[in-house]
Amino acid sequence: MQDFHKSVVYQIYPKSFQDTTGSGTGDLMGVVKRLDYLKELGVDYLWLTPFFVSPQNDNGYDVADYRAIDPRYGTMEDFETLAREAKARGIGLMLDMVFNHTSTEHEWFRRALAGEERYKNYYIRRPARPDGGAPTNWVSKFGGSAWAYVPEWGEYYLHLFDRTQADLNWENPEVRAELADVLRFWIAKGVSGFRFDVVNLVSKPDVFEDDLEGDGRRFYTDGPRIHQYLHELCAAAGLQDNGMVTVGEMSSTTIENCVGYSNPERKELSMTFSFHHLKVDYPNQDKWALPEEGFSPLPGLREVLNRWQLGMQAGGGWNALFWCNHDQPRVVSRFGDEGEYRVRSAQMLGTLIHLMRGTPYIYQGEEIGMTNAGFTALEQYRDVESLNYYHILKEQGKSEKEIYAILAARSRDNSRTPMQWDDSPNTGFTTGEPWLAVNPNHTAINAQADRAAEDSVFRYYQKLVALRKKYPVIAEGTYIPMLRDHPAVFAYRRELDGVTLDIYCNMTAQPAQVDLEGANGRVLIGNYPAPQRAEKLTLRPYEALAVLY
Ligand code: TEU
């Protein structure tokens with residue numbers, strides 16, 4: 001058995017986790033300060049989003065130096081302290097490698113701008129069209145053209161994200177060698193693994209052409225040499241030999257490719273993130289539109305999650321399981337109930353994901369049921385994508401009211417508000433002015449109050465984490481969909497060596513009837529006091545139940 005099959009990863013967005021200097025921005029020593037809390041939760045790895053030197057146009061996903069700590073997060077010594085202290089608690093660190101692009105402030109890009117041929121070849125450059133326009137009609141993921149013009153070169157460079165995030169030219173073997181070297185640098189510092197940012201976008205096509213059907217993604221997503229590059233990177237940096245746990249963030253990908261990325265025989269990565277289940281509430285695939293009143297995510301979630309569970313299982317691949325990250329709205333607000341049933345729905349959603357086949361990820365604050373930010377004014381937003389889309393939606397003729405409703409549901413800042421530790425004015429996050437506003441509901445929703453409550457999301461997550469380690473049927477069992485047409489309940493079965501675990505999750509605020517399939521089961525975990533044991537039962541609002549036979 002692969003060890004990471006029974007592990008749980010906790011994602012930290014250092015900027016919003018814990019400030020120890022009063023700067024208003026979280027830092028590495030803040031993570032050290034909270035290690036005992038994480039140990040108590042029982043997680044095995046911490047994935048830290050980028051804390052490398054960066055102008056922070058995309059909060060660190062615009063890296064200017066892959067080997068140095070940005071002073072606003074601390075020093076290399078702080079990092080070493082963190083690695084040592086985490087290790088002492090049996091927790092490994094996974095670092096976030098942003099290898100699709102560098103910041104335009106990276107030395108490589110600056111030398112390219114200065115005309116050094118070697119570094120110009122580190123980036124993707126193309127001449128203008130005869131009319132001076134961009135080489136293709138591709139659209140940046142943050143809105144606008146994916147190309148920017150450099151007068152010094154008389155050429156455009158590609159940026160799939162912000163214009164200060166220039167795409168690296170992976171066709172150039174020197175670039176690939178540089179990146180492997182960065183991995184070796186951090187392996188030598190004692191890290192346990194890596195998360196690779198949008199890594200399935202790095203292999204660009206041989207010919208750059210206009211996309212007459214879409215935004216260009218079909219030409220560079222899971223591109224022509226992607227499997228070769230990942231295999232090579234894995235070998236060059238000794239990822240497997242060094243026992244690194246690796247996860248690739250795969251944008252708009254397919255099951256077939258993710259099987260390839262994560263089947264151990266391929267020697268590419270340990271597992272993959274995919275996002276199709278987090279698009280079921282996008283009308284016509286449009287993130288910047290809202291579903292109709294009364295929309296139910298259940299049919300879409302069931303279809304996508306079952307398909308991915310079964311497909312990855314059949315191909316021997318491995319999923320990273322998750323609801324939340326620093327790019328997604330909070331899941332209780334999105335698929336649960338942030339009001340009356342906040343605690344129950346948070347626990348139900350946790351159950352649904354944690355008992356599946358794959359490695360679960362918990363995003364900071366999810367374990368206490370944190371909700372969306374509730375921002376109502378543009379000044380409250382910080383994220384480059386939200387600020388860009390405010391203007392794009394305005395140009396499309398949407399009213400201010402509509403735009404604010406869309407941002408309130410979709411903005412990445414929803415997940416980036418400071419971690420809510422206690423009910424003090426800045427929620428124990430900082431003694432200074434927080435870089436992004438604290439959610440006013442921290443007076444009620446915070447780690448201290450949650451852990452003291454009779455009904456605690458934290459304690460429930462703690463149980464889920466422990467169950468995966470204890471029961472091989474959770475870590476290794478076969479996944480079998482159940483109740484595929486139920487109007488309210490998401491249900492599935494796990495099976496291993498004669499042990500069966502059935503999971504029932506009521507995704508609605510109404511009671512829901514189910515007939516249990518087996519008899520004489522024992523409740524392994526449930527989110528209501530005194531879980532029911534009858535064979536015909538009525539699940540209460542957002543009730544989750546796992547029955548072991
Ligand atoms: O995100 C990749 C990505 O494509 C999205 O999740 C993106 O935020 C969304 O499509 C926009 O609607 C990764 C990082 O997680 C994200 O924070 C970075 O901004 C991005 O890569 C660029 O490095």
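Which residues are closest to the ligand? Select Asp58, Asp197, Asp327, Glu385 and Arg412: these are the closest of the 16 residues that surround the ligand, where a residue counts as near if one of its heavy atoms lies within 4 Å. Before you go on, know that this is a predicted model, where local features need pLDDT of at least 70, side-chain atom pairs count only at pLDDT 80 or more, and totals for chains, interfaces and linings use all residues. Residues are numbered from 1 along each chain as its sequence is written, and side-chain values use heavy atoms, with hydrogens and water left out.

**Stop 1: the ligand**

Zoom in on Asp58, where a side-chain N or O atom sits 2.4 Å from an oxygen atom of the ligand. Next, pick Arg412: one of its polar side-chain atoms is 2.8 Å from a ligand oxygen. For Lys287, the distance from a polar side-chain atom to a ligand oxygen is 3.1 Å. Each is a polar contact (a pair of N or O atoms within 3.5 Å). On its own the ligand has 490 Å² of accessible area, and the protein covers 89% of that (Shrake-Rupley method, 1.4 Å probe).

Now colour the shell around the ligand by class: you'll get nine charged, four nonpolar and three polar residues, with Asp, Glu, Lys and Arg counted as charged and Gly among the polar ones. Then colour domain 1 (3-100 + 173-464) and domain 2 (107-167); both give residues to this shell, so the ligand lies between them. Those bounds come from an automatic or database domain assignment.

**Stop 2: the largest pocket**

The ligand takes up the space of the largest pocket. A pocket is an open set of points on a 1 Å grid over the protein atoms alone, with protein on both sides within 12 Å along at least five of seven lines; lining residues have an atom within 4 Å of a point. This one holds about 1000 Å³ of space. Of its 35 lining residues, select Lys141, Arg217, Ser251, Lys279 and Lys287, the closest to its centre. The lining has 13 charged, eleven polar and eleven nonpolar residues.

**Stop 3: the second largest pocket**

Move on to Leu290, Pro291, Ser333, Arg334 and Ala409, which lie nearest the centre of the second largest pocket, among 20 lining residues. About 580 Å³ of space lies here.

Methods. Polar contact = N/O pair within 3.5 Å; in protein donor to acceptor, adjacent residues only side chain to side chain. 1 Å grid on protein atoms, 1.4 Å probe; cavity = no way out; pocket = protein on both sides within 12 Å on 5 of 7 lines; lining within 4 Å. Sits in = over half its atoms within 2 Å of the grid points. Points joined across faces, edges and corners; volume = space filled by probe spheres on them.
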